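Here are a few notes to go with your first look at this one.

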Amino acid sequence: MKGTDRIITLTSWGWRAARRRAPLGALACGALLLAACSHGNPLLGKWEIDPAASSPDAKLMANLGLNQVEFFADKALIGSVGAPVTYDVGDGYVLVNGNGQTAKYVVVSSNEIRVDAPLGQKVVYRRVH
């Protein structure tokens, strides 16, 4: 009986110690996840064209219902049309590869990205929160 009491006591102590360490462990895991995300793909999320900061062609895109783009880990959704994509993250830009084409998004800030088209058009997107 005494040996069993000791096992229960040690087990109970172990659970109490684990419960005290759990908040610290959760905080450490959260910090690691946040650090990993900060070096990831800055495009992930939902974006909307800023017509005032963009070329006139961007206003036409907005009128056609193409004013939003949403980037996921493995696809992009432009308006209501989705396509599988891959990303190449560079210093201050992200290349989006899909459907045999590549688009370069310049990362201006965490809430602003820009696409410069070959004919000089500029499309500025703002992050949707």
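This is a predicted model: local features need pLDDT of at least 70, side-chain atom pairs count only at pLDDT 80 or more; totals for chains, interfaces and linings use all residues.

**Notes on the sheet and its core**

1. Now zoom out. Nine strands make up an open sheet, with antiparallel pairing, in the order S4-S3-S2-S1-S9-S8-S7-S6-S5. Strand S4 (81-84) and strand S5 (86-89) are at the edges with a single partner strand each, so one side of each has no neighbour in the sheet. From one strand to the next, the twist averages 25°.

2. Have a look at S9 next. Five bridges tie it to S8, and the two run antiparallel; Val115 has Val123 as its bridge partner in S9. S8 and S9 form a hairpin with five residues between them, and Gly120 in the turn has a positive phi of about 95°.

3. S9 also pairs with S1: three bridges, again antiparallel. Here Trp47 has Arg127 as its bridge partner. Helix H2 (residues 56-63) lies across S1 and S9, at about 55° to S9.

4. Which residues have the most contacts inside the largest nonpolar core? They are Leu43, Phe71, Val96, Tyr105, Ile113 and Tyr125, in a core of 16 residues. S1, S2, S6, S8 and S9 each supply at least two residues of this core.

5. Finally, click on Tyr125. Leaving out residues up to four places away in sequence, Tyr125 touches a list of residues including Trp47, Met61, Val69, Tyr105, Ile113 and Val115.

Technical notes. Residues are numbered from 1 along each chain as its sequence is written. Side-chain values use heavy atoms; hydrogens and water are left out. A nonpolar core is a set of buried Ala, Val, Leu, Ile, Met, Phe, Trp, Tyr and Cys residues joined through side-chain atoms within 4.5 Å. Buried means under 20% relative accessible area, exposed over 50%, partly exposed in between (1.4 Å probe, protein chains only). Helices (H or I, at least four residues) and strands (E, at least two) are DSSP runs, numbered from the N terminus. Contact means heavy atoms within 4.5 Å. Two strands pair if DSSP finds at least two bridges between them. Axes are lines fitted to C-alpha atoms, for helices over the stretch in contact, and angles run from 0 to 180 degrees between N-to-C directions.
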